[in-house]
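These are my notes from one pass through the model.

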Amino acid sequence: MPLIQIAFYFFAAIAAGGIGMAAMIAFGIRIPSFLGPAHGLGGLAALATLFTSNLKGGDATPTLAWWALVVFLGGFIGGMLLFRVLFKGRTPLAMVAVHGSAGALGLYLLYNAAF
């Protein structure tokens, strides 16, 4: 399996965890303290996997894979700013939706590049 497909599955797993956390927020369930950092660290590891895949592909790397990397990086930085700096201790559902939308767009782009 190519590394770009592994990166896609990695991001999909991280997104599933994010959807779970968003559902917990929507239903008013307290999120365990380890889930947020685990989601962020998993996203960082997936970013590293995608970056490595893009670099190893050389000229054969699809342009969409680079765009997916940019979108995911924006979502990662946005998530760090939103949930570790601006809204520390509380998570507005609208901001979760913005963060999740960036992830969904990145997954769409990466899917089209990987498959």
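Which residues in α3 meet which residues in α4? I took contact as heavy atoms within 4.5 Å. On the α3 side I listed Leu64, Ala65, Trp67, Ala68, Val71, Phe72, Gly75, Gly79, Leu82 and Phe83. Their partners in α4 are Met95, Val96, His99, Ala102, Gly103, Leu105, Gly106, Leu107, Leu109, Leu110, Asn112 and Ala113. By class, the residues of this contact are 16 nonpolar, six polar and no charged; Ala, Val, Leu, Ile, Met, Phe, Trp, Tyr, Cys and Pro count as nonpolar, Asp, Glu, Lys and Arg as charged, and the others, Gly among them, as polar.

I noted the basis of the entries: the model is predicted, local features need pLDDT of at least 70, side-chain atom pairs count only at pLDDT 80 or more, and totals for chains, interfaces and linings use all residues. Residues are numbered from 1 along each chain as its sequence is written, and side-chain values use heavy atoms, with hydrogens and water left out.

Next I looked up the geometry of the pair. Helix α3 spans residues 63–86 and helix α4 residues 93–114; they pack at about 165 degrees with axes 8 Å apart. Axes are lines fitted to C-alpha atoms over the stretch in contact, and angles run from 0 to 180 degrees between N-to-C directions. α3 and α4 are therefore roughly antiparallel (over 145 degrees). Their crossing is left-handed, meaning that the near helix is turned anticlockwise from the far one by less than a right angle.

I then checked α1 against α4. The angle is about 160 degrees and the axes are 10 Å apart, which makes α1 roughly antiparallel to α4. This crossing is also left-handed. Residues of α1 in the contact include Ile4, Phe8, Phe11 and Ile25, and those of α4 include Leu93, Val96, Leu107 and Tyr111. The contact has 16 nonpolar, one polar and no charged residues.

For the chain, I recorded four helices and zero strands, where helices are DSSP runs (H or I) of at least four residues and strands (E) of at least two. The C-alpha atoms fill a box of roughly 45 × 25 × 20 Å along the principal axes. Of the 115 residues, 31% count as buried (under 20% relative accessible area).

Last, I looked up Phe10, which sits in helix α1, residues 3–26. Phe10 is partly exposed at 28% relative accessible area (partly exposed lies between buried and exposed, the latter over 50%, with a 1.4 Å probe and protein chains only). Leaving out residues up to four places away in sequence, Phe10 touches Gly42, Ala45, Ala46 and Thr49.

Methods:
Parallel < 35°, antiparallel > 145°, perpendicular 65-115°, else oblique.
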